[in-house]
Amino acid sequence: MLMGNTMPALDRGQRPSGRHVTRNKKSSADRWFKWILGLAGAGVLIVLAAMLVSTAVDAWPVFKREGWQFVTSSIWDPGTSRTEITGSYGALAFIVGTLATSGIALAIAVPLAVGSALYLTHAAPRWLRKPLTYTIELLAAVPSVVYGLWGLLFFVPVFLRPVMDLVAGSLGRFVPFLAPPVVTYNYFAAGVVLSIMILPIITAISREVMSKTPQSEIAAAYGLGATRWEMMRFVVLPRARPGIIGATMLGLGRALGETIAVAMLIGGSKQIADSIFLGGQSMAGIIAVTFQEAAPENVKALIGVGVVLFIITLIVNVMARLIVRLTGGRLLGDASV
Amino acid sequence: MISRVFRVTVVLAGLSLLLTACGTANSPSAPAAGGSGLAADLLGAGASFPALLYQEWIGEYTSQVEPGVTINYQSIGSGGGIEQFIGQQTDFGASDAFLSDEDLAAARSARGCDPVHIPTVFGAVSVGYNLDGVDSLVLDGPTLAGIFLGDITSWNNPAIAASNEGVALPDEPIVVAHRSDGSGTTNIFTTYLSSVSEAWANGPGAGKEIEWPAKNSVGGEKNDGVASQIQQNPGSIGYLELAYAIETGIPVADIINSDGHAIAPTLEATAAAADGIAIPDDLRFNILGVGGQGYPIAGATWLLAWTCGYDDNVGDALKDWITWDLTRGDSVAEELLYSPLSSSLQAKALAQVDLINSNG
């Protein structure tokens, strides 16, 4: 009470000088705060640049010797020297493996994720929405090595193999990249398990974006006589599209970098297979699998694969942003959070 | 009051227990408790193939023979083992392949003296297959190389049929399974293929990780990865350590050796393989040209140590441990499906042990 009585008077009496002092203090604090924030922001860039530079320097002898062959040749025959580069290092097969598995994963996960997000936001009964959302998000909490094991021991040999045999035996007669023979662990098997792994992140973001669709527009669509499907098709989806693309990019990022589960399921062969039912290897996979026994020159080449993976991830991201910009719309649209 | 007295008593009892525990923990380091009083901490790293055996040997040696010695072995792979050994980060190394001349030179200039190679056990690389209705298969070296080269692509190929009279070989495509990681097992297998096939020697060659030419090839990480590739793919053939083939029950082929005998991979046949081999003084050898009753695809695994630069207690403990392994560790090795050294090779290995730290 005492404070309450004295404060206004004090405040009023000292207003000019008081305000001056506090503003000075505030602005110096502001400056410091700005610097600290700036440092935090720059820190990310510095770490990223340091990583790229130091890995590129480490891998330089291999890049210098192989030149463009490093990304255009698929002969990977490591040497054992400690000082020179004696082997052949062409990472094309691994680049193909990474892109193929990620492509397959996206082709399966995106429609599924958008469908389940639509269902969760605009079709599911209210009582089911929360538990279903939690369940899908729970998929993201499973460690990737567990996905790998599950795929290795159960999902791929028991469930997927008959499906692959069936597809190769029927469609495979007309479509070259589905042709037999089938081996159990292959691009497709890795891609399917990868799609389950990136499903939650795409679903979660798509759902969030779709749930922000203005009620007035939904009501307007119904008012014009739209069916529920037409309402989704013409109101929810267009508004959510940039957000869905953003979600897809996040999923793709995870798919490109996923290591253990892919290495366990992709088939471990170093060739470029001409069918998605044959084995290959991914970029992260070859690093994880062969690093342990690698001689010094081989380690340099593996670091080089890491650099190329980084650059490819960058290119894919930039391309995606360009596509979004060219087709009009920001990466996360106005309907997003 | 009572409770406080009780608490104090409990604390005191606990303290006295602790003290006696310390007392008993201290006493074994005295020579009286069995050991000869060696005291040292040894650190080693390397090959994963013999890791299981080394852990057993270490466990038995440090608990029952020399309680004053502790040995830490890290199974990080032969490549890393050689790196850390040459980089002086460990007291001893372990590798499934002997040091190359280049590695040897690097080692000499790093430490200023020679390293020694001490073979510990042999391993056999068996050829497993998955072929419906076929439970015995005989292959000769050139045919095996032809299969892994991708020249022989079907199970009913005449080259396979020639050594398998009376076996109904199906007209099924062959899927070749290999290791996807770098491995001493791959090195032994490809060294053998290079020795029996000109085309293999001039093509893929030998090494821990090579370029596999066969078109229908699949890779698996470590032995269990290859085992599951073989089990999952009908018509497949792949190579894996004998112990894994026995454990998983995958059928294995008999391989025809240089005397024309078809030999099944067993511990005895592996031991016999090394008998007729000429072994150089520095004990860097491959097992090739095996005849008699020997199984032809086999190799040794080595411990690496230095001839100088150890503190006396470390050098003595290292020599004592390896000597114990070589002379007393055979039964453990056989239990774990490793094939121990023959007595003549054992003598040569012990001579190398004597060189450890001999240059001070």
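Tutor: Helices (H or I, at least four residues) and strands (E, at least two) are DSSP runs, numbered from the N terminus. The model is predicted: local features need pLDDT of at least 70, side-chain atom pairs count only at pLDDT 80 or more, and totals for chains, interfaces and linings use all residues. Residues are numbered from 1 along each chain as its sequence is written, while chains are lettered from A and ligands numbered from 1 in the order in which they are written.

Student: In what order do the elements of chain A run?

Tutor: From the N terminus on, the order is α-α-α-β-β-α-α-α-α-α-α-α-α-α.

Student: What makes a residue buried, and what percentage of chain A counts as buried?

Tutor: A residue is buried if 20 or more other C-beta atoms lie within 10 Å of its own, exposed if 12 or fewer, and partly exposed in between, with C-beta atoms placed from the backbone.

Student: Which residues of helix 2 of chain B are buried?

Tutor: Leu53(B), Tyr54(B), Trp57(B) and Tyr61(B) are buried in helix 2 of chain B.

Student: Why are the buried residues of helix 2 of chain B said to line one face?

Tutor: The arc is that of the directions from the helix axis to the C-beta atoms. Seen down the axis of helix 2 of chain B, the buried residues fall within an arc of 95 degrees, so they line one face of the helix. On the other side of this helix, Gly59(B), Ser63(B) and Gln64(B) are exposed.

Student: What is the span of helix 2 of chain B, and what is expected?

Tutor: The expected span is 1.5 Å times one less than the number of residues. Helix 2 (residues 51–65) of chain B has 15 residues, and its expected span is 21 Å; from first C-alpha to last it reaches 20 Å, which is close to that value.

Student: How do you know that strand 6 and strand 7 of chain B pair?

Tutor: Two strands pair if DSSP finds at least two bridges between them. Strand 6 (residues 175–179) and strand 7 of chain B have four bridges, in the parallel sense, and therefore pair. Within this pairing, His178(B) stands opposite Gly219(B) in strand 7 of chain B. From strand 7 (residues 217–220), Ser217(B) and Gly219(B) point one way and Val218(B) and Gly220(B) the other way, and all are buried.
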